[in-house]
Every structure is written in C-alpha cells, then in structure tokens.
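Welcome, and thanks for taking a look at this one with me.

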Amino acid sequence: MMARRLLFIIPGVVFCILAIYFAVGLTKDPSQLPSVLINTPVEIFQLPPIKGRDTHGLASTDFVGEVALLNVFGSWCISCKIEHPFLMSLKQTGDVPLHGIDWREPDPDAGPDWLKREGDPYTLVGDDPDSKGAIAFGVTGAPETFVVDKKGIIRYKHVGPMSPEVWKNVIYPLVLSLRAQ
Amino acid sequence: MITEIGHFALILAMFVACAQAVLPMAGAARNNVAWMDFARPAAVIQFVLVSFSFGVLMYGFIVSDFSLAVVFQNSHTDKPLIYKISGTWGNHEGSMLLWVVILSIFGCAVALFGSNLPPALRARVLAVQSFIAVGFYLFLLLTSNPFARLVPPPVNGQGLNPLLQDFGLAIHPPMLYLGYVGFSMAFSFAIAALIEGRVDAAWGRWVRPWTLAAWGFLTGGITLGSWWAYYELGWGGWWFWDPVENASFMPWLAGTALLHSAIMVEKRDTMKGWTVFLAIVTFSLSLLGTFLVRSGVLTSVHAFATDPARGVFILILLIIVIGGSFALFAWRGPTIRNTGVFQPISREGGLLLNNVVLTTATAAVLLGTLYPLFLDAVNGSKVSVGAPFFEAVFIPIIIPMIVAMAIGPLLGWKRADIQVAMKRLRLAFVLAGLVAVATWSIMTDGPFMGVLGLALATWVGMGALVELAERIRLFRDPVAASLSRLIRTPRSSWGMTLGHLGLAVAIAGMTGAGSWKVESIQTMSPGETVKVGGYEYTFTGAQEGQGPNYSFTRATFEVTRNGEPVITMHPENRRYPVRSMPTTEAAIHSLFLGDLYAVVGDADGSDGSYVTRLYWNPLVAWMWIGAIIMVAGAGISLTDRRFRVGVPQRRKAFATTTAAET
C-alpha cells in the first residue's frame with residue numbers, strides 16, 4: 001500500500017525538480033552569449049567615416065591609449081532606437097569616449113540620416129556595410145556594446161539595448177577599474 | 001474606442017471565469033444544482049466576451065490601427081490583407097489571446113453539447129477549464145496586454161517578419177493551439193475525476209473524443225509547421241529537433257499514448273490511474289510547449305518574444321497548474337482501483353507496450369530539450385543538443401513500438417495467442433522482407449536505417465491492412481459477406497486502420513528523406529547544367545523584379561531526365577525592405593518517388609552567375625500524405641456514433657455492440 005502511494009508521488013517530485021531548474025534558468029539571461037573574442041586584442045581593421053562627418057572613420061588603432069566603448073548600430077535596427085536616448089545622455093556626461101560602427105546600412109545615406117534625426121552620440125563612427133569591423137569584434141547582432149581597455153583588448157560585450165541599469169551596475173564600474181589598471 | 005471595449009470585454013471575461021472556476025466546483029461538492037448549472041451560461045458568456053475581444057484586435061490589424069502597440073510592431077500598411085489578419089496571432093500577445101479564445105470554444109462546446117454528462121462531472125470539468133482560463137487572462141492582462149496603446153501613434157508599422165508572411169504558417173499556430181488547448185479537456189476531465197474519486201468506463205468514453213480531436217489538430221499543426229520549414233527555410237530539411245518543434249512533439253507523443261490508454265479504461269476498466277496521469281502529463285507538456293517559446297527559458301530560432309517578467313509569471317502558472325494537479329494526483333490517485341486483469345500477451349499488453357515506449361520517448365525528448373537549461377543552471381555553460389542526440393536516442397526507443405504496432409491490433413483482449421497473430425501477419429512479414437531486399441539492392445551505398453525504415457513502414461502498413469482483412473473475414477467468407485462487414489465496420493475502427501496506415505506512409509517518407517537525400521551547392525552561370533539525383537538542372541538565368549511589398553530575384557531552371565524535359569522551375573529569393581530581411585522561396589516539384597527542390601541564393605559577381613542549391617528529397621510527399629491520412633483517421637473516428645449518442649443513458653445497449661466488435 002505504501003509502495004503504491006509512493007508511486008503516485010513520483011510525478012510530483014519530478015516536477016518539483018524541474019520547476020527548480022526552470023526557476024534557476026529564468027535568472028539567466030538568454031541573450032548573454034559568451035563571446036570568443038573577450039580578452040583578445042581588437043583585430044586590425046579600418047573603416048571609412050560615414051557620410052557628412054569630418055572625423056576620420058574608425059580603426060583598430062583608435063582603441064589604444066584610452067578605455068573606450070564601442071557601440072554597433074544600424075538605422076534598420078529597432079532595438080538601437082530604444083537604447084539611443086540613453087547613449088545621447090551618456091554623451092552629455094562626456095566621461096567615456098563612445099565609438100560607433102554603423103553596420104550593414106542598405107545605402108550610404110541611411111546611417112547619417114538616422115543620426116541626424118535621432119542625434120549623434122559618437123566620438124568616431126565607421127561605416128561598415130561589409131561587416132569588416134563587426135567581424136573584428138565578433139558581433140552577433142545589433143545593438144551590441146563593447147568595452148575596450150587601454151591596450152586595445154576587448155574586455156566586455158553587452159548584447160541588446162544599453163540601459164541605465166546595465167551602465168550603472170556593470171559597465172561603468174568596469175570602465176573605472178580598467179582605467180585604474 | 002472599440003479597442004477599449006475589447007480590452008474591457010477581456011477583463012470582464014476574466015471575472016466571469018473566476019466565478020465559473022469557483023461556484024460550480026463548490027456546487028458540485030455541496031450538491032447544489034443551481035450553482036453547478038451556473039457553469040453552462042458562464043462558459044457561453046466567456047466565449048462571447050473573449051471572441052469579441054479577439055475580433056476587436058483583429059479589426060485593429062485589418063484597419064492598421066498603429067496606436068495599438070502589437071499592430072505597430074507586427075503589421076504594416078503594405079502587407080496583404082490575409083497576412084494582416086494572420087498577424088493577429090503571429091505575435092506573442094495575439095497568440096495568447098487566441099489561446100484563450102480556443103479554450104473558451106472548448107468550454108462552450110462542453111456546455112452546449114455535454115448534456116449527456118452527469119451534472120456534477122460537467123460542473124467540475126467546466127470549473128477546472130475555467131481555472132486554467134483565469135491563469136491565462138491574468139497572464140494576458142498583467143504581462144502581455146494586446147490592447148496596450150502607443151502615444152503618439154506612429155505613421156506606419158514595423159511589418160511582420162517576412163519569414164512568417166506565408167499561408168502555411170498563417171494557419172499553423174491556430175491548428176497547433178487547437179491541439180494544445182484540446183488536451184486541456186482531457187486534463188479537466190482527469191482533475192474532475194480525481195476530485196470525484198471516480199474513473200470508470202464512461203469517463204474513458206467521454207475523454208476519448210476530446211483527446212482524439214486534440215490529437216488530430218496537433219498532428220495537422222505539427223505537419224503544417226514541418227511543411228513550412230521544408231519549403232520556406234530553403235534548407236530542404238523538414239524537422240530540426242529545434243526546442244520549439246520538440247515542444248509541440250512532446251504533447252503529441254504523450255497524447256498518442258493517452259489516446260491508446262483511454263481505450264483500455266473504456267473497454268477493460270484498467271490502467272485508470274495511468275490514464276489520468278497521462279492526461280495531466282499531456283496537457284502539462286502542452287502548457288510547456290506554449291510557454292517554452294515565450295518565456296526566454298529556452299532560446300531558439302523560432303523565439304519571437306523573450307521577456308523575463310513574463311517568464312516568472314509563466315513559471316508560477318506552471319507550478320500552480322502542473323504542481324497542483326500532481327499533488328492532487330498523489331493524494332487522490334491511490335484510491336483509483338482497476339478491475340480488469342490481463343496477461344502480458346494480449347491487446348492490453350500491446351497497448352501497454354505502446355504506452356511505455358511513447359512515454360520513454362517523450363521523456364527522452366524532454367531531457368534533450370531541457371538539458372541545455374540544466375547545464376546552464378548547474379555551471380553556466382551554454383550547449384545545444386542537436387539532431388544527432390535525438391536521432392541516436394529516439395529512433396531505437398521507438399522501433400519496438402513500430403514492430404509491435406502491426407501485432408497488437410490482432411491480439412484479443414485479456415489473453416491472446418501470439419502465434420495465431422503472427423501467422424496472420426505472414427504476408428506482411430514477407431512483403432517487408434522483400435521491400436528490405438529490394439531497397440538494399442537498389443540503394444547499395446545507402447544507410448542501413450533506410451532499409452530498416454522502409455521494411456518497418458511496409459510491416460506496419462500491411463499490418464493495418466491485414467487487421468482490416470481479418471475484421472471483415474476477407475477470402476474466408478464470401479466476398480459479399482466481407483463487403484457488408486466492411487460497410488458495417490465501426491468508424492472508430494476505421495480511425496485505427498487509417499491512423500496506423502498513415503503512420504506507415506509517413507515513416508516511409510521520413511526514411512526516404514532522411515536516408516537518400518542528395519544535395520548540391522554551387523555557383524552556376526547561365527547555360528550551366530548540374531546533375532542531382534538523376535535529374536539535370538540547366539540554369540538559364542535570373543531576373544530581378546518587384547513584388548507587392550518586396551523585391552526579388554527569380555531564377556529559371558530547365559529540368560530534364562535523360563534529356564527528356566520534366567519541368568521548368570522558378571525559385572525566388574525575396575527581400576523585404578521593411579525588415580531588410582531576405583527569404584527564400586524554394587521551387588519544389590513533387591514526384592511519386594521524391595521532390596525536386598531548387599533554391600537560388602545571391603548573385604556571384606556581375607556576369608549573371610548565382611549561388612544555387614539543388615536537392616533531391618526522396619519520398620518527402622509521403623510524409624505529408626501520411627499525416628493527412630492520420631488526421632482523416634481521427635476525423636472519421638470522431639464521427640463514430642458511440643461518441644455522439646447519450647452515452648450514460650444507453651450504456652447497456654452499447655455493452656453488447658462493444659463486445660461484438662472486439
């Protein structure tokens with residue numbers, strides 16, 4: 001009788017274990033994909049500037065000497081539009097240089113037009129229709145934001161739109177500690 | 001304004017559902033007829049309210065009301081009307097709303113056509129059904145409101161994912177949901193039975209048609225999804241063991257087991273606790289299937305929406321529904337007593353084997369699907385479990401069932417003689433052997449699985465036909481007598497014959513497509529010829545053009561076989577500017593022995609050459625035909641008069657016919 005009763009309890013127990021795993025799984029961010037290029041130097045690349053900017057484009061050499069952020073965006077990317085106001089506010093503080101890679105634009109005017117409309121938070125912007133710069137950073141999609149240290153080594157990658165929380169809790173502390181090194 | 005009324009109707013439906021979940025349940029416990037009867041009008045009102053709400057959302061899509069956030073995110077004025085309509089459920093919020101609409105349809109059906117159910121059982125079933133609905137209403141209203149507004153409204157929408165602008169996929173989610181939600185009926189019956197503490201033959205008979213309908217829809221839904229993947233993704237593949245596909249496959253496996261074990265409850269009064277368990281498991285897997293995609297617990301190429309806040313809600317809902325029902329099962333389950341006894345070699349034994357295999361297979365698929373999640377939870381490593389695992393595990397598990405599938409229906413209830421059954425199957429055995437030898441000699445370099453697969457398909461298919469021949473005593477009685485038996489064969493038996501036959505045809509298709517596929521990827525310049533699977537494809541060039549809301553590259557292939565023209569094929573490569581996302585429109589020409597399949601990719605240089613992919617996909621059409629036969633079997637079985645007439649009132653009369661047919 002007891003054994004029979006136990007038999008009926010098994011499904012519930014199995015489900016409890018499953019539920020615990022689900023709960024732990026939920027705390028993990030599915031968008032946090034490990035990047036193979038973390039802790040490696042930025043590969044050599046050189047991008048021309050986007051139309052209408054008088055700065056030179058963007059090259060791997062721009063990342064040496066100073067802790068900098070790199071943001072990958074595109075006028076076609078909806079999530080980029082979401083994070084854009086925050087990037088603009090970041091520019092206001094002017095604390096960390098933010099470079100941009102304008103990725104896979106359908107035509108050369110699309111990116112500059114978009115920046116004209118939404119505002120331009122970037123120190124330097126490279127035009128990257130053929131994913132040359134994106135490959136150097138191991139970009140999987142847009143938007144993505146990278147932290148590069150003084151020696152030009154990629155230290156962190158954030159997938160998806162930037163937010164004040166991510167900035168305050170993860171990226172800014174990292175930037176400060178990299179500066180201190 | 002109309003939008004707010006739709007929103008309000010949804011809120012109102014939730015309150016009706018709350019009352020419907022509580023009052024009839026209490027009424028059934030206290031034997032209060034008025035309270036119990038409240039369930040019927042409540043179910044109808046819920047249906048009216050939630051359908052109205054869904055209609056309002058659909059109207060928003062049709063008139064492109066971009067002040068609605070879902071319409072803005074998923075629609076566009078340039079989109080053809082049919083895809084505006086299908087956009088209603090082509091997104092998270094709308095698909096959840098569709099889910100509750102279907103749930104309310106089933107509830108309404110029980111309220112309207114369930115007059116032959118005992119009032120207390122009907123009240124409890126509707127209460128449980130409504131309890132599930134409350135969970136979904138809350139989920140919709142709190143985390144996924146389809147009526148959320150945007151201020152100020154944007155000028156145009158962001159379009160539907162172009163991959164999803166497809167007729168097959170437009171009707172795929174509703175079919176799938178009809179299956180998922182249909183299993184909620186079996187679940188509600190199981191919970192009601194646990195509360196009542198009574199599972200009997202009549203209960204089995206009530207549960208079966210619902211399960212059968214759900215199973216038929218799910219089979220259709222899965223097939224549509226697979227068909228879509230086959231022609232739209234342009235890889236020539238039809239099943240990828242992707243988490244989302246597995247999510248629909250698991251309830252199908254468990255539902256198939258449930259379908260068979262419910263027969264034993266109905267006819268032999270045995271396996272009752274197990275059947276209740278399967279009913280809970282099947283619906284739990286349906287819930288998991290609905291949510292796995294949505295919660296961000298698992299990522300996949302299919303996932304359209306991932307949002308942790310929803311994830312938490314979903315988890316709580318799953319714990320209450322699944323955890324609660326398993327707790328109830330642990331508490332009340334042991335009181336269920338089986339009276340039917342049987343020997344291992346018997347019809348029951350065959351059905352038991354079917355159940356053991358199917359549940360093991362379900363568990364294997366579940367393990368493979370959730371394993372990445374486990375590993376991530378344990379040590380944070382990201383892995384993906386792919387097709388090799390599933391093929392290596394699933395196929396060996398399922399083979400014993402396929403072998404037994406031909407034998408089981410020929411065994412008698414309680415105790416049977418396997419030698420008699422095997423003797424009847426001699427013809428099937430010989431034919432399966434012949435097919436194996438023939439396959440092996442034609443496809444000398446093919447895999448062993450191909451030979452085995454076709455032999456098994458023959459075995460199962462012939463087994464189903466032998467069973468039919470035995471049933472009508474073909475060649476033993478005069479032809480006229482056999483013919484009249486054929487006509488009088490109950491439709492539920494036809495259901496089984498077609499179900500098994502359909503699976504046999506589908507197995508042949510899966511085997512062919514899996515074993516002897518020929519693939520060729522190359523750059524072709526105009527005038528070039530490539531030979532694939534015995535057919536010569538001559539590329540005569542490609543043109544660029546404009547469709548209604550996309551631009552396209554259209555290639556032309558002249559296909560010949562030994563110089564004889566077969567067909568001209570026009571694969572396309574479409575680009576949707578709204579989402580700057582390309583889709584491939586493969587050109588497919590189905591033949592008896594296989595599909596010609598051509599895909600055109602990007603231009604290579606400027607001399608008019610293109611990257612092309614050409615496939616020979618053997619026997620693929622058999623899969624779809626097999627699935628159609630299976631669904632037809634379910635449909636025919638559902639029209640069986642035993643399911644329609646007042647079961648409890650006429651139990652006696654039917655006891656005799658049941659005995660006669662088995």
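Predicted model: local features only at pLDDT ≥ 70, side-chain atom pairs only at ≥ 80, totals over all residues.

**Notes for a first look**

1. Chain B as a whole contains 22 helices and ten strands. Its C-alpha trace spans about 80 × 75 × 55 Å along the principal axes. For 662 residues, a compact globule would have a radius of gyration near 26 Å, and chain B agrees with this because its own value is 27 Å.

2. With 181 residues, a compact globule would have a radius of gyration near 16 Å, but the value for chain A is 21 Å. The C-alpha trace of chain A spans about 85 × 40 × 30 Å along its principal axes.

3. Starting at the N terminus, the elements of chain A follow the order α-β-β-β-α-β-α-β-α-β-β-α.

4. Back in chain B, have a look at the open sheet. How many strands form it, and in what order? Four strands of chain B do, in the order 1-10-9-8, with antiparallel pairing. Strand 1 (518–524) and strand 8 (587–590) of chain B are the edge strands, each pairing on one side only. From one strand to the next, the twist averages 15°.

5. Strand 9 (residues 594–604) and strand 10 (residues 609–618) of chain B are joined in the antiparallel sense over nine bridges. A handy place to start is B:V599, which stands opposite B:R613 in strand 10 of chain B. As background, strands of a sheet pair through backbone hydrogen bonds, either parallel or antiparallel.

6. Finally, a pair of helices in chain B. Two packed helices are described by the angle between their axes and the distance between the axes. For helix 19 (residues 491–515) and helix 20 (residues 620–638) of chain B, the axes come within 7 Å and cross at roughly 165°. Helix 19 and helix 20 of chain B are therefore roughly antiparallel to each other. Helix 19 of chain B passes helix 20 of chain B in a left-handed crossing. By class, the residues in the contact between helix 19 and helix 20 of chain B are 19 nonpolar, nine polar and one charged.

How values were computed
Residues numbered from 1 in each chain as written. Chains lettered and ligands numbered in written order. Pairing = 2+ DSSP bridges. Helix = DSSP H or I, 4+ residues; strand = E, 2+ residues; numbered from the N terminus. Axes fitted to C-alpha atoms, helices over the stretch in contact; angles between N-to-C directions. Parallel < 35°, antiparallel > 145°, perpendicular 65-115°, else oblique. Left-handed = near helix turned anticlockwise from the far one by under 90°. Nonpolar A, V, L, I, M, F, W, Y, C, P; charged D, E, K, R; others polar. Rg over C-alpha atoms; globule rule 2.2 N^0.38 Å.
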